[in-house]
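Student: I am new to this structure. Please take me through one part of it, its salt bridges, step by step.

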Amino acid sequence: MPSSDAEPPAELTIEDVRHLATLARLGMTDAELEKFRGELASIIGHCDVLQRVDTEGVEPTNNGADLLNVVAVDAPRPPWPLREVLANAPNRRDDLFRVRAVLE
């Protein structure tokens, strides 16, 4: 594997970073733009190193674990007692949770 200092980090201009910030809808000061210019250039440099890794003969994968269907079985079961369900409700009315209105 190539060393991470094989090439200097990619060059980014302040305008490149300003454009990315605009796309992400981030307001940034000139000092922040300069700080993130260096950080983004470093990240891109690491990506360049990864692009040069020889992956010939390596099977593609979407993750490193061979886990399938790692969810609980969806089987019917008796409901919890209502008193336990409502025990920690911060606000309730009779047997219902009371919440603020979300639609007007």
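Student: How many residues apart are Arg18 and Glu15 in helix α1?

Tutor: Three residues, in helix α1 (residues 14-23), so about one helical turn separates Arg18 from Glu15. First, the ground rules. This is a predicted model, in which local features need pLDDT of at least 70, side-chain atom pairs count only at pLDDT 80 or more, and totals for chains, interfaces and linings use all residues. Residues are numbered from 1 along each chain as its sequence is written, and side-chain values use heavy atoms, without hydrogens and water. Helices are DSSP runs (H or I, at least four residues), numbered from the N terminus.

Now the contact itself. Arg18 and Glu15 form a salt bridge, N to O 2.5 Å. The term means a side-chain nitrogen of Lys or Arg within 4 Å of a carboxyl oxygen of Asp or Glu. Arg18 is partly exposed at 30% relative accessible area (buried is under 20%, exposed over 50%, partly exposed in between, with a 1.4 Å probe and protein chains only).

Arg18 also has a salt bridge with Asp30, at 3.2 Å from N to O. Asp30 sits in helix α2 (residues 30-51) and Arg18 in helix α1, so this pair ties together parts twelve residues apart in sequence. Asp30 is exposed, at 56%.

Another pair lies within helix α2. Arg37 and Glu34 are three residues apart there, about one helical turn. Their closest N and O atoms are 2.9 Å apart, in a salt bridge. Arg37 is partly exposed at 23%, and Glu34 is partly exposed at 39%. The count comes to three salt bridges.

Definitions and conventions
Helices (H or I, at least four residues) and strands (E, at least two) are DSSP runs, numbered from the N terminus.
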